[in-house]
Each structure stands twice: as C-alpha cells, then as structure tokens.
Amino acid sequence: MSFYNVLEEVNHLPLENMMENVSHHDVERALQKERITEEDYFALLSPKASDYLEEMAQKAHQLTIQHFGNTMQLFLPLYVSDYCVNTCKYCSFSVDNDFPRRILTMTEVEEEAKAIRDMGIEHIIILSGESMMHSSVKYIKQCMKVLKKYFSSVGLEIQPMDTDQYKELVDSGIDNLTVYQEVYDEEIYRELHTKGPKRFFKYRLDTPERGCEAGMRSISIAALLGLNDWRRESYITGLHAQYLQQKYLDVEVGVSFPRIQPNAGSFQPKVEVTDKNLVQAMLAYRIFQPHSGITVSTRERPEFREQILPLGPTKMSAASSTVVGGYTEPDNTQSQFEISDERSVDEVKGVLRKHGYQPVMKDWQLI
Amino acid sequence: MQDSLVIAGKELNSRLFVGTGKFADHNKMKEALEESQSEVVTVAVRRVDLGGDDQYILNDIPDYMTLMPNTSGARTAEEAIRIARLSKAAGMGNWIKIEVISDSKYLLPDNEETIKATEALVEEGFVVLPYMSPDLMAGKRLEEAGAATVMPLGSPIGSNRGIQMKEIIQIMIDEINVPIVVDAGIGRPSEAAEAMEMGADAVLVNTAIATAKDPVAMAQAFDLAVKAGRSGFLAGLGATKAKASASSPLTGFLHS
C-alpha cells in the first residue's frame with residue numbers, strides 16, 4: 001500500500017463537478033462538527049465555502065490555540081549546494097539555468113552555522129539542489145558533524161533518498177524531512193519535470209513514507225500552489241497528510257502552502273492563487289487536521305505573514321537566504337527563488353510578540 | 001488543620017501543579033505561576049537551552065518552585081531515559097515527569113514504554129512522576145516500579161474537556177497507594193475542583209491557564225478551585241461518617 005493507491009482512487013472521481021455541487025448546507029454542517037471527515041474537508045475547500053471564511057477562521061484560530069498555544073516556532077534554511085540534476089521549470093536551480101554552481105566546504109558550513117546561530121536560531125533545515133553526487137549521504141553526514149555543535153534540531157530538504165540512506169542520516173542526528181510533491185497530477189508533473197530522477201512521480205510520492213519508515217520525527221509535505229487547480233491540490237495534500245499520520249502515528253506530519261515565486265527560469269504560474277485562496281486552503285486544512293503543524297515561509301510578504309498569524313501557522317522561517325553561502329556573503333550568486341520577507345530574526349520576533357505570540361527558538365534536543 | 005501533600009519527602013502546601021507551555025510571553029507566565037500559589041512546575045527539557053548561558057525558560061520560573069522537567073518529545077522509553085539524564089546533567093534536579101508519546105495525533109501516552117522508563121529511572125535515583133493513560137494495572141505497575149506519583153490524564157492533553165476518564169480515575173484513586181495527580185484535559189476551574197472532590201491528590205494544569213484571555217486571573221481561579229475541591233473532599237468524608245453513625249434510617253428498627 002502506498003499513497004499512490006489512494007491517489008488513483010481520487011483521480012477516478014469527478015472532483016471538479018463534485019466541488020461545484022457542494023452546497024452552503026454542506027459547508028455549514030462541516031463547520032458545526034467537532035471532527036470533520038474527508039467529505040467535510042472537501043466542502044471547506046469548495047467555492048461555496050469561500051462565503052464562510054470568517055467562520056472558518058474563527059474555528060481554525062481556536063483549534064490552533066488549543067493545540068499549539070500562543071507560540072510560533074522559528075527556523076532558517078541553510079543552503080549548502082545549488083548543484084542540481086533536474087529540470088524543474090519553476091526553479092532557478094534547474095540544470096538548464098546557466099550559472100556558476102557551488103557547494104559549501106565544511107569550513108564554510110561552519111561559518112554559515114555561526115552566522116545563523118548568532119541570530120538566535122536553534123532549528124535549521126539543510127537545503128540543496130537535487131544531486132546525489134553533490135549533496136550525498138556522506139556529504140550531509142559531514143555537515144551534521146559540524147551542525148550538531150550549533151543547533152538543537154536539523155532537518156533536510158534535499159533530493160529524495162532510499163529508506164536506508166535516510167536511516168543513516170537519522171542516525172547522524174537529522175530529525176525531520178521536508179519533501180514537496182510539487183504537483184499531485186501525474187501528467188502536469190511530467191510536463192514540468194522533463195529530465196532527471198525527479199521525473200519518477202511515484203518515487204517522489206513515496207518519499208515522505210520512506211522518511212517515516214527511517215525514523216524521522218517529523219515530515220513536512222506540500223503541493224507547490226500555482227501548478228494546478230489549488231482546490232484539488234490542497235485536497236490531495238490533506239489526504240496525503242492524513243494517510244501518513246494514520247499509518248505512522250509516531251511521526252508529526254505537517255504541511256505548508258508554498259506559492260510559486262519569481263525565479264530564474266521566468267516560469268509563469270498556470271493558475272493564479274490569490275491570498276484569499278491560500279487562506280481558504282490553510283483554514284480548511286487546520287480544521288481537518290487540528291494537531292498538524294503548518295509552515296509559512298519568507299516566500300510570502302511581511303504584511304500577509306502577519307495577517308495570517310492567527311489562522312493556523314505554527315512554524316515560520318525568518319531572515320531566510322535562499323542562496324548558497326548567503327548568510328556570510330549576502331551579495332552572492334544565484335538564489336533558488338526570490339523571498340518576499342527580508343526582515344531580520346529580531347524584527348520577526350518583535351512582530352510575533354506584538355501579536356501575542358511567543359517566538360519559540362528551541363523545541364527539540366538532539367539526544 | 002495541616003493538609004499538605006508529600007512527594008519524595010517534599011512537603012507541598014499547594015495541590016496545583018502547573019505547566020509552562022503555550023504561554024504568549026514569559027512575563028505573563030511568571031506572573032501566572034506566582035499567582036497560582038503552585039509549588040511544582042513542569043518544563044519540557046527539549047525547550048531548555050541546555051548548553052547555553054541563557055537558560056531560556058528557567059530564568060522565568062520563581063525560585064521557590066520545585067522543577068519537574070518532563071520528557072516531552074520522547075517516543076520510546078529509551079528516548080525518555082536519555083532526556084532525563086540530560087536534564088539531570090544540566091542541573092535541573094532529580095525530579096522527572098515521564099512523557100512517552102508515540103501518537104502525534106491524540107498525544108496519548110504509551111503506558112508500556114512509560115513503565116519501562118519508570119523502572120529504569122527509579123533505579124538511577126530519579127524521583128519519577130509518570131504521565132499515563134488511565135488504567136488500573138498500568139498504575140499498579142508504576143507504583144511497584146517505584147513511581148513517586150501516578151499521573152493519569154483526565155482527557156486527551158490540550159483538549160480542555162474535563163475529567164472524561166472519571167470512572168477509571170476514581171478506581172485508581174481508590175486502589176493506588178501513591179499520590180494520584182490528574183494531568184491533562186482540565187479546561188476550567190470547576191473541573192479541577194471536581195478532580196479534587198473525587199479524592200485526587202493534586203492536578204496539573206497548563207493549557208487552560210496559558211491560553212486563557214487573562215492567564216494570571218485564571219491561575220488564581222485554579223488555585224481557589226483546587227483548594228475548594230480539596231476542602232470539599234475532606235469535608236465530604238467527615239460528613240458521611242458522621243451521618244452514618246448518628247442515625248440509621250433503614251436499620252434503626254433492628255435496635256429498637
């Protein structure tokens with residue numbers, strides 16, 4: 001059994017028609033329930049539910065406070081390499097884009113680590129382009145030897161790996177894995193990923209599950225919004241999270257709602273995802289999976305990040321650089337995508353406090 | 001009348017234990033801790049900057065409180081044991097609240113792993129206070145393993161649903177000889193009073209105080225409720241006995 005089987009079943013359903021047929025009554029019924037089903041989640045993603053955003057927001061806010069309190073976990077990405085063997089049309093690191101590539105030496109990893117630690121950050125995610133030759137198991141393990149000295153939690157957002165490789169990395173101290181499916185529609189997926197190992201849809205789809213099997217403490221998944229109908233993609237992301245959570249009860253399954261940002265490939269989103277759409281997707285998910293973490297990145301604008309604080313997010317990045325070596329050499333080379341929120345960690349902390357949230361810097365201990 | 005609770009030789013005048021998670025800011029938290037009159041506070045070891053100069057949350061806890069570090073985040077007995085040792089090594093004392101949770105959805109404790117961790121840590125000299133899913137046999141085994149208290153959940157953590165597990169908790173109160181602390185699920189002061197009226201030795205409250213509109217006022221309310229519930233429990237026992245010996249409405253005829 002793989003989530004692929006669930007996906008195949010969903011693909012047989014006339015989701016678009018079903019979405020149009022959701023009634024106001026369906027939405028109201030979903031909002032009255034204490035625990036909602038897949039059908040209710042579907043209803044909350046429908047066009048009709050957009051008339052109930054305030055009610056959804058009230059409910060999502062109450063559930064978030066109940067489960068997570070008045071807190072927000074902060075983290076930063078550490079870009080270690082921009083070597084990539086894939087051709088994702090929406091990403092600057094695509095092998096088709098010509099720019100000088102770089103991978104950090106261990107001395108540079110340490111300098112970046114110090115720079116991030118000096119900002120007061122304790123949780124980081126190692127990011128790279130997808131290249132097994134460069135961001136290899138061996139290389140990541142070397143990085144971990146350095147990073148362990150500075151951080152209490154280190155996660156991964158690199159190319160998908162096999163279960164045994166993940167196990168080795170878990171043993172080295174990595175405790176969480178982020179892997180975005182990008183798009184759950186197999187045809188669109190193949191159009192956007194024309195070459196490289198990323199072309200194998202099912203291998204990528206099963207990646208979070210391999211991470212769970214390898215003993216990752218938490219897993220974060222997402223669809224990159226803008227590549228396909230956001231209602232459909234959000235619905236399937238929610239089902240994917242539910243599938244993983246039910247199968248791997250000991251893993252914290254979280255999601256994020258990334259929207260396509262300007263990038264070196266000048267790829268234009270197929271579908272516009274407005275702020276209102278993004279909020280609806282997030283609220284529906286929060287009500288569907290109240291215990292689940294939701295991450296918001298610096299892709300989003302500062303004002304928007306502030307406005308959605310009470311609506312469900314539990315983790316945020318701050319002062320992120322999406323450039324390899326970007327914390328110690330701010331004017332350097334090629335970023336993966338353009339970020340929208342350039343504020344410092346202290347500024348973000350100040351904003352959180354102003355809104356009644358305690359910024360949490362440390363929420364795990366390497367043991 | 002002195003009615004203190006003694007845990008591992010420590011005499012406590014308040015039967016309210018408090019938590020430190022979910023607060024919007026640490027100043028409010030400190031004020032709430034003080035106003036609660038509580039003398040025992042639990043802190044997640046994973047949230048404490050163990051190596052750093054800034055002890056994070058520890059600086060914001062009143063000195064007179066007994067620290068009960070917890071192993072939140074542990075999924076197995078082995079992880080809980082490692083966290084407990086880190087806590088002791090970092091100077092956080094030898095009390096440890098065991099939390100072993102391998103269920104990220106409902107956050108229900110794993111009793112089997114909790115018993116294993118309790119056995120090992122009692123052996124190492126810790127004062128062990130295990131958080132558990134209400135169950136008589138598991139409670140008995142924790143007692144046998146040397147747990148200083150047994151802390152069954154009232155309902156799932158953070159749910160603010162009150163004492164949903166009332167029947168089982170009552171049995172545990174009646175049958176287990178170490179103090180029973182109702183931990184988790186208590187959403188309002190009246191529910192804390194209810195647990196105390198049932199004869200629980202103490203209650204642990206976090207979410208209900210931390211996420212209240214006014215955490216400081218809510219801390220005071222819980223203090224009063226715990227005291228009221230305890231008084232009710234003590235008064236209730238006395239009254240029942242007095243009534244039984246004063247008259248025998250059903251069997252009086254046997255004596256006439």
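Reader: Is strand 4 (residues 40-44) of chain B buried or exposed?
Author: In this predicted model, five of the five residues of strand 4 of chain B are buried, so the strand is largely enclosed by the rest of the structure. Buried means that 20 or more other C-beta atoms, placed from the backbone, lie within 10 Å of a residue's own. Strands are DSSP runs (E, at least two residues) and helices are runs of H or I (at least four), numbered from the N terminus.

Reader: Which residues lie on each side?
Author: Val40(B), Thr42(B) and Ala44(B) are on one side, with Val41(B) and Val43(B) on the other. In a regular strand the side chains alternate between the two faces of the sheet.

Reader: What pairs with strand 4 of chain B?
Author: Strand 3 (residues 16-19) of chain B pairs with it in the parallel sense over three bridges, and Phe17(B) stands opposite Val40(B). Strand 5 (residues 66-70) of chain B also runs parallel to strand 4, joined by five bridges, and there Val43(B) stands opposite Pro69(B). Pairing requires at least two DSSP bridges between the strands.

Reader: Turning to the contact between the chains, how many residues does each give?
Author: Chain A gives 21 residues and chain B gives 26 (contact: C-beta atoms, placed from the backbone, within 7 Å). Helix 5 (residues 53-68) of chain A gives the most to the chain A side, with three residues.

Reader: How are the numbers and letters assigned?
Author: Residues count from 1 along each chain as its sequence is written, while chains are lettered from A and ligands numbered from 1 in the order written. As the model is predicted, local features need pLDDT of at least 70 and side-chain atom pairs count only at pLDDT 80 or more, whereas totals for chains, interfaces and linings use all residues.

Technical notes
Contact = placed C-beta atoms within 7 Å. Buried ≥ 20, exposed ≤ 12 C-beta atoms within 10 Å, placed from the backbone.
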